[in-house]
Amino acid sequence: MITCDQQLQTTRERIAWFQDQVAHLRRTEPNPANYRAAASGFLAEIDRMQFEVREYLSMHPTELVGAA
């Protein structure tokens, strides 16, 4: 769970890194089945982190004090 803006920034950087890894796989893996197998874990992690970012951004800063 993201609890501060610093964690938000770190998570956003990690999302970008994972997206770059998937983009690299798309360019370099010639076999579609192998691509899907390799990319699925990255994509699941991207989804999980994006959900955390969305949850954090949906709350007003004053609400975060009570949630922590």
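Trp17, Phe18 and Phe42 together make up one aromatic cluster. The model shown in each view is predicted.

**View 1. Helix 1 along its length.** Helix 1 covers residues 5-28, 24 residues in total. From its first C-alpha to its last it reaches 35 Å, close to the 34 Å expected at 1.5 Å a residue.

**View 2. The buried residues of helix 1.** Six side chains are labelled here: Leu8, Thr11, Ile15, Phe18, Val22 and Leu25, which are buried. An α-helix has 3.6 residues a turn, so residues three or four places apart point the same way. The buried residues of helix 1 pack against helix 2, which runs over residues 32-58.

**View 3. The pair of Trp17 and Phe18.** The structure has 2 aromatic pairs. In the pair of Trp17 and Phe18, the ring centres are 5.2 Å apart and the planes meet at 85°, so the arrangement is edge-to-face. Trp17 has a relative accessibility of 46% and therefore counts as partly exposed. Phe18 has a relative accessible area of 12%, under the 20% cut-off, so Phe18 is buried.

**View 4. The pair of Phe18 and Phe42.** Phe18 also forms an aromatic pair with Phe42, and this pair is edge-to-face, with 5.6 Å from centre to centre and 65° between the planes. Distant parts of the chain are linked by this pair: Phe18 belongs to helix 1 and Phe42 to helix 2, 24 residues apart. Phe42 is partly exposed, at a relative accessible area of 23%.

Key
Residues are numbered from 1 along each chain as its sequence is written. This is a predicted model: local features need pLDDT of at least 70, side-chain atom pairs count only at pLDDT 80 or more; totals for chains, interfaces and linings use all residues. Side-chain values use heavy atoms; hydrogens and water are left out. Helices (H or I, at least four residues) and strands (E, at least two) are DSSP runs, numbered from the N terminus. The expected span of a helix is 1.5 Å times one less than its number of residues. Buried means under 20% relative accessible area, exposed over 50%, partly exposed in between (1.4 Å probe, protein chains only). Contact means heavy atoms within 4.5 Å. Rings of Phe, Tyr and Trp (its six-membered ring) pair if their centres lie within 6.5 Å; planes under 30 degrees apart count as stacked, over 60 as edge-to-face and the rest as tilted.
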